[in-house]
Each structure stands twice: as structure tokens, then as C-alpha cells.
Amino acid sequence: MSLNDCYNFEDFRKLAKKNLPSPIFHYIDGGSDDETTLKRNTESFNDCDLVPNILASVGKPDLSTTLFGRRIDMPIFLSPAAMQRLYHPDGDKASARAAEKYGTFYSMSSMGNNSIEEISNISSGPKLFQLYVHKDRSISDDLIDRSRRSGFDAMCLTVDTLVAGNREKDHRTGFTTPPKLTLQSLMSFAMRPGWVFNYLTGKRFELSNVKKKTDKGTNISKSVIEYINEQYDPAMGWKDAEYCAKKWNGPFALKGVMSVEDAKRAIDIGCTAIMISNHGGRQLDGSRSPFDQIKAISDAVGDKLEIILDGGVRRGTHVLKAIAAGAKACSFGKMFLFSLAAGGQQGVEHLLKNMHDEISRNMVLMGCKNLKELNNSKIIYRK
Amino acid sequence: MNLKDCYNFSDFRKLAKKKLPSPIFHYIDGAADDEITYERNTSAFDDVDLVPNVLRGVEDVDLSTTIFGKKIDLPFYLAPTALQRLFHYDGERAVGKAAQKFNTMFGVSALATVSVEEISSLINTPKMFQFYFHKDRGLNDSCLERAKAAKFDVMALTVDTITGGNRERDLRTGFTSPPKLTLSSLFSFATKPMWGINYLTKGKFELPHLQDYVKEGTSTNTSIGNYFSTMLDQSMNWKDAEKLCAQWGGHFALKGVMSVDDAKRAVDIGCTGIMVSNHGGRQLDGSRSPFDQLSEIVDAVGDKIDVICEGGIHRGTHMLKALSLGAKACSGGRLYLYALAAAGQAGVERALGQYKAELIRDMKLMGCTKISDLNRNNLRFR
């Protein structure tokens, strides 16, 4: 199986599974508890039907939109995702370059393996920085200052990770960062010598953006769960978020908003956007899916905030449904991480091309010339 | 397994799978993307229950209905489908003769492998021609004129294939028309030698309605998705449809209408019918199923034009549900294509006979003796 055989999410997932040591594959693939929310994130799209219009002489549809003050070529982008060098030696560089090529946002995680400065040197495309509020506030302040100096366009603050979710697959595989060899994982690493070779001969694994401030995650093998629980401030409140928004003083989103009330409050503290997200089903299992919740949020705040749907998106038609329900754009993590593991920059480009073609084809079949025409009248929810 | 073991849709499907090289089977069997809409087309019927009436005296059941001004003996007909000689060497000849035997309408595709003239000389029961709006206007005119000269009763313009759907099974199997031998498909063709022998010995494969105008699909291997995307006119609009309707000058339908607004507009441009259809789930995955959308459309235009429910029908009871909601008739492609692949004309006749027997049995169990007895009081939505 190679990249040319990858037509959809499941294909990329299979190829990633082949390429990655199993603890690392399962770290991407898993959700929390019973993964009920993880499944619902995608299934929720099936309870809503598209209703096409015929004879609309669409020609070539315009997929472009504006997000965070930047024009992007299509209404999808790469969600922030931690530690991308575990999935491919080029890590964030591969993702950033692929996103730039397809004219859309790349997002950098606070827990990236490349530094803010490094990425800003190699990509002039739209860039979003993802922030965690650390117990040591000077870490967060430093990340905001550096993102601004490096020309990042927007910032999002993750608000659904005050404490780590119960990712049972990681408990079972013993996933840590940097990867630690345990007896159970040894086999799986040994069977992927290419991965091990790249990992050992490439640049040293580090959390580049926070390495000066903490040695956690860099020298000592830590599970992500332990890292989150030690470093992030569970006491973070609306005042802290407001402080970050003011300090950043540019396009600013809260990532992980699920309630209508919180969406309204995001406007009050100066947010320009929200990302409706449950962290890809990796935090609170049994929580509502973004697509199930988007209509209520869009009805309440859609005219005042940019709404991004994050989670469960695997198809062009999912994007179309989200936009018809009120999203400005959609973002996804798992899907592009699988494509990164499948083929580095080329893999992510292959995925973005597939998604572009699907969105374009399905806009034509819907009879829509541009994203504005994709409104509420084009979908019907099943009972 | 042979024809005698086929009692329902899924039996015919199994036998077809046994008979056909896998790229060809998957061309029929597959649909767009994740095939969510394809599955929903059928499962939508399960969200509605039939409520029978008792003690009605039901020994004689009349299944006939009138669509497009023609009386047919069954409340369903055979939807136009492309390339039938790939599925069985008799192709449209077999399907047409079976349709005639049961006195129902036969839909002939623009991508048919037998000509309208030949069909017209073979059968005298109602016939529909399905039309694609090509970039080549000469080809369009020729199709209309030939269908008219061959005394076809209805013209159906397909409006849901403005670009090819994402049929991933075809991408993986490398399905093209005419079939091309690739290394990966060779094995599957080699294990179905009878299909190969028939394909090579029972007359040249051709697309008689197109071959004077295009080489695609006739002498050049092309995928159907590619054909839609390159040969059809993507700028087709309501004016074009209105002109074609006037040019045809007889019963005219749009095939692939899903929205209420479009259904109303079809009435305005002079259509006498519409097929509520998503092309068997083969185009826009995630789009609404015909049965889910049927009542809204019937409410809006059901008193002005014939509304046909097309797609997902596997059973007589599915038809009873659609007819109860106000569809004038039902139609389907896979409904008879698996049977065609399974055993040619005899297969299609067996399938039609079974649907007819199911309809008669189920009408009796519902306490109905004619199609007009069916109405929404027979149904409860869960």
C-alpha cells in the first residue's frame, strides 16, 4: 500500500498504522474512555441530509473564504497537534509547507517539536498558534510574544484540557514522550526499523517552544497525561483567557467551546472566533459532538464570531454540512496526522488535494457557486 | 447457487457477484464516498410502519397505474441504466422483453448498448429514453430525434450528474468502459471465463446513441465518472431544460430532483413528471434519500405532475410505503440489474414476478385492492 492508494480517511489511517510503532499510532487513533464521543463526532454528520439544487450552472465553484482576517483558498485547515516529529521526521515543517501550498492555515501546538521561529522562517502561509495556560505564567507570556514577533496571524487558547482525558489506549501501550522502550512496545518498535532509524538519526526530540522553561517532555520520559496534569493550570478562568486575548491583541479564538452560554461569553472577553471542539473525543467521553451542537451556537453567536467546527470531519460532504449549519471553516487533527505519518509533506498534500477535490465536486453536485450559497436551506436534519 | 435459489434482492445480488468479473460487479454495487446515502435509500423505509386494515374482501388486486399518460400493469418500472451488455450479453434486449412481458415501462439509457431503433422493433410496451445533456449539441439533437422517430413515450433528462460522483470502488478496481484488462483485474476476469467468452463472442460492445459523435466509451476506455465530468455540459441550466422539453414536445421528466423548489420549477418549465432520486447514492454522498424527501415534494407538486420515487427499493412493501405517501410509481436500477447479471431475461422475469407476487400479497395483507386505496393513513412514522 502506498500514498497513491489513499482515497479517504480510512486509507490514510491504514498506511499510518503500517508505518508507526503501535503506541504512537494508538496515541493518534485513540479517544477517551469508551471512545463514544470520538465515534459520534463523525456519525453525527449522518443524521443530517444535504438537499441539492439542480440546473444551477455552477461552473467552477469558489471555495475561498476569510478566516482570522486572512483569505484562505478552501474552508478547511490543519488543527494544532502536538509532537508531530513522532509521526514523521519532518514534523511540523511538513504540515506547514503542505498547508501553505494549499493556501490554508497551519496550526502550531504549544507542544510542537519545531520552534515558532523555525516554522515562521519556512512558511509565509497563514499560521495559527495554539496556547495552553501553564502554571508558570511566564511560559504563556513568552509564547504569545514570540508568536507575535514571528508573524503568526492568530492565536487560539485551548480550554478543554484543564486536566488530561482518560486515554486508556495510552495506558495500555505505555505511550510516553519522548518514546520509552518498554517490553511490550519493544516488538512494535522493532518491526518498524525505518521509523526508529529516522527517530534516532534525526534532530533531537524536544518540545521546542517550552524547552528553556521546563525540562519535562524533553529529558524525562513523561506520559502526555502526566505532562498536562503537571504543567497546565487547572485553575484557569475567564479572567486568564481575557488576559491572553488582550495581550495577543489580534484574531483570537477559544478552542473547545461547547455550550451556547460560553460562546456568548467568548464575545464578551474579546474573542473573534471559537472552535467548537471536544478535542477529537480525547477528553470528556460522552460529551456532545461539534456537529450536533453547531446549529444552536451558530443561531446564538454566528453573526458576531467566526465559528470553526473541529472534530469528526473526514469528507468533503462533512465540511459542506458544517458550513450550511453555520461554520466559517472546519479543522481536523487525526486525519492530517495519519496523512503525515503516511507520507510526510507529500502525504498531507495528498490529503488536502483529496479534500479540495471532494469539496469542489460536491459543491457542483449541490448546485452551489460559492460558500455563501451553502446556507441552512440546503440541509435537513433527520428526526 | 442458481436462479431457483433467488427469492429476493440480496439473493440476486449474490448470484450476480458470482457471475461477474469483480470490477463490473462493483460498478453496479458501489456508490459514492462512504455509501452512506446508498444505505439510507433503503433503510429510510424502515423508519415508517405499515398499518393494515382488516376484513376488506381482497381476492382481486389490481396493481395497475397510469404514468406519463400510459397505463402500466405494475406500480413500478425499470429505471434507465447504462452499459447493460456488460452485465449480460443480451443487455437491454433481455430487460426490454421482460418489461414487455409484465407490461411495465422500460427506461433506455443514452449510454445503452442496444439502439432505440432495435428496442422499438422488439417491444411495443411503454418506453422511456434517458438523456444526458452533452457539450456536443449535434449529439443532443440526434438523441432526441432518434428517440422520437422510434416512438419512445417519455424523455427523462438526468440532472444529478453535472460532474462524476466519487465512486471509490471503481477507482480501486480500475473500472472503465469498455472493460480494460489491468494486472489487478486480470485475475477476476480470468476466474469468470463464461463472462469473458460471451463478451468476446456475442457481438461487438458499442454505445449506439453516441458512437457517431464520441469515441469515449466505445473505442476508448473511459470511466463513467470521467465521462460525466468531461463530456457533459456543466453549464446546463433551467433555460436549457425548458428548451429540450419544448423540443421533445411530449411527456418530459427531470431525473434527480431532490428539493421542493426545484420540483415546483420543473412544473413551470412544462415537465409532466419528476424522478425523486439521488442516482442510487452514486453521486452526492450525504444527500437526502428519495423516500425521506418524498412527502414534501408530493405535497408541493403531486397534484400537477407524476412524482416517481426512485432508489433504495428492494421489496414490495417499500413500494407500498412510497405509493402510500403519494408517489405515482417507483423505479430502480439495481432492482433488476443483479437479476440481469444473474440470468439475463429469465433472471429479470423472475425478479419482476417476485416483486409482483410480493405486491399482490402485501396489498391483500394491507386490505387494499387497488393502488389508489393506498394513502397516508396506512403509515405511521416512528
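**Reading chain B and a helix pair in chain A**

Chain B contains 15 helices and 12 strands (DSSP runs numbered from the N terminus: helices are H or I of at least four residues, strands E of at least two). This is a predicted model, in which local features need pLDDT of at least 70, side-chain atom pairs count only at pLDDT 80 or more, and totals for chains, interfaces and linings use all residues. Residues are numbered from 1 along each chain as its sequence is written, and chains are lettered from A in the order in which they are written.

User: What is the radius of gyration of chain B?

Analyst: The radius is taken over C-alpha atoms, and the globule rule is 2.2 Å times the number of residues to the power 0.38. For chain B the radius is 20 Å, close to the 21 Å that the rule gives for 382 residues, so the chain is as compact as a globular protein of that length. Its C-alpha trace spans about 60 × 50 × 40 Å along the principal axes.

User: How is the packing of two helices described?

Analyst: Two packed helices are described by the angle between their axes and the distance between the axes. In chain A, the axes of H4 (residues 91-101) and H15 (residues 334-366) come within 8 Å and cross at roughly 25 degrees. H4(A) is therefore roughly parallel to H15(A) (angles under 35 degrees count as such).

User: Which residues of H4(A) meet H15(A)?

Analyst: They are A:Ala94, A:Ser95, A:Arg97, A:Ala98 and A:Lys101 (contact requires C-beta atoms, placed from the backbone, within 7 Å). Their partners in H15(A) include A:Phe336, A:Leu340 and A:Val348.

Key
Axes fitted to C-alpha atoms, helices over the stretch in contact; angles between N-to-C directions. Parallel < 35°, antiparallel > 145°, perpendicular 65-115°, else oblique. Contact = placed C-beta atoms within 7 Å.
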